[in-house]
Amino acid sequence: MQQIRSALSLFNGISGLHLALDKAQINVEQVYYSEIDKFANKVTEQRYPNDTALGDVTKWKEWDIDWSSVDLVSAGFPCQAWSVAGKQLGDKDARGMLFWTTLDIIKTVLEHNPKAKFLMENVKMKKDFEEYITQHTTEALGYVEKTLINSALVSAQNRNRYYWTNFDVAQPEDRGILLKDIIETEPDVRYTVNQDALPRYTDENGKVKGFRDGYQKSNCLTASMHKGFGNDGCTVVRATVQANAEHTYNRKVPTLTAAMGVGGSNVPLLTDNETASQYKGKCIDKNDRLKYRKLTPLECERLQTVPDNWTECLSNTQRYKSLGNGWTIDVIVHILECAFK
């Protein structure tokens with residue numbers, strides 16, 4: 001088993017770094033973490049009670065830690081200012097300015113321990129932003145590798161993310177995991193939704209054509225999944241799984257976009273005619289319509305490759321939010337294995 005002295009997890013969330021270290025079988029003597037979300041911290045306090053909380057990342061100069069002992073520092077700095085789904089203000093947004101805080105902290109770590117590894121993560125963004133972050137990271141920290149990895153390679157979720165490191169990272173092998181591999185066969189009825197609540201798509205004349213359904217991979221999880229079925233990236237799955245498993249979850253279809261409410265020519269649609277003709281008697285409601293449901297918190301944990309019930313100490317609302325904000329752990333495991341071969 002690999003051994004490192006300490007790890008520093010910035011924007012710690014639900015302890016994705018420590019969990020990934022465990023799954024990669026890398027033993028760490030001490031984990032320091034910075035996180036201001038009290039609900040995410042509740043998960044850390046339950047799962048890793050011996051980790052040391054540092055508080056607000058902006059007060060990092062007050063932290064009492066042995067910088068020279070830090071062999072690994074990670075930072076999934078806030079994405080809202082950089083994402084195409086946000087206002088795209090970059091570091092003109094207060095949250096975007098945390099990128100510079102991240103660089104200052106990592107630079108301090110490297111000054112005290114030049115052999116330390118670092119990992120920064122953020123969403124797939126417009127080219128100008130990606131080049132801006134890569135340029136300034138290189139200027140501040142020296143050698144930098146930028147890698148785009150889709151979580152779909154190691155999970156049933158489409159989730160493209162950039163990773164900046166000071167070591168080489170190869171693409172993980174495709175494990176071929178599909179939605180059918182992670183869904184619950186008997187979910188609670190409370191996750192079933194009325195078809196009328198689903199996002200609809202219209203043709204050029206404004207006529208409703210159908211709605212999107214999760215086939216092979218789920219849409220990208222987001223922090224706003226708990227708000228319903230708007231432009232939040234939620235995947236909708238058929239409520240009766242076994243009856244339609246082969247047709248629904250094994251089909252090869254184009255990649256689904258992250259925004260549920262945004263249409264496109266590559267989006268698979270299920271029309272009313274298909275509903276009536278192909279699924280009658282299987283999972284049709286009294287109005288001759290197919291029953292649908294949203295992803296359960298447990299399924300979202302599996303999409304993020306965290307252990308089942310990792311976030312069970314939280315309400316469902318906070319489970320969805322923390323998982324949407326988090327990392328796909330097996331991607332991080334792969335990156336750590338590249339770092340500590």
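**Close-up views of a predicted model**

**View 1. Helix α3 passes helix α4 in a right-handed crossing.** A crossing is right-handed if the near helix is turned clockwise from the far one by less than a right angle, and left-handed if anticlockwise. This is a predicted model, in which local features need pLDDT of at least 70 and side-chain atom pairs count only at pLDDT 80 or more, while totals for chains, interfaces and linings use all residues. Residues are numbered from 1 along each chain as its sequence is written, and side-chain values use heavy atoms, with hydrogens and water left out. Helices (H or I, at least four residues) and strands (E, at least two) are DSSP runs, numbered from the N terminus. Two packed helices are described by the angle between their axes and the distance between the axes. The axes of α3 (residues 98–112) and α4 (residues 127–141) come within 10 Å and cross at roughly 30 degrees. Axes are lines fitted to C-alpha atoms, for helices over the stretch in contact, and angles run from 0 to 180 degrees between N-to-C directions. Angles under 35 degrees count as roughly parallel, and α3 and α4 are therefore roughly parallel to each other.

**View 2. Residues of α3 meet residues of α4.** On the α3 side are Phe99, Trp100, Leu103, Ile106, Lys107 and Leu110, and on the α4 side Tyr132, Ile133, His136, Thr137, Ala140 and Leu141. Contact means heavy atoms within 4.5 Å. The residues of this contact divide into nine nonpolar, two polar and one charged.

**View 3. Phe77, Phe99, Trp100, Tyr132, Tyr162 and Trp164 form one aromatic cluster.** Rings of Phe, Tyr and Trp (its six-membered ring) pair if their centres lie within 6.5 Å; planes under 30 degrees apart count as stacked, over 60 as edge-to-face and the rest as tilted. By this rule the count comes to eight aromatic pairs. The rings of Phe77 and Phe99 have centres 5.6 Å apart and planes at 45 degrees, so the pair is tilted. Phe77 lies in the loop between β4 and α3, and Phe99 in helix α3, 22 residues apart. Both Phe77 and Phe99 are buried, meaning under 20% relative accessible area (1.4 Å probe, protein chains only).

**View 4. Helix α9 (residues 329–339) is largely enclosed by the rest of the structure, because ten of its eleven residues are buried.** Among the buried residues are Ile329, Asp330, His334 and Cys338. The buried residues of α9 pack against α1 (16–23), β2 (26–34), β4 (70–75), β5 (117–123), β6 (145–150) and β7 (160–165).

Key. Angles under 35 degrees count as roughly parallel, over 145 as roughly antiparallel, 65 to 115 as roughly perpendicular and the rest as oblique. Ala, Val, Leu, Ile, Met, Phe, Trp, Tyr, Cys and Pro count as nonpolar, Asp, Glu, Lys and Arg as charged, and the others, Gly among them, as polar. Buried means under 20% relative accessible area, exposed over 50%, partly exposed in between (1.4 Å probe, protein chains only).
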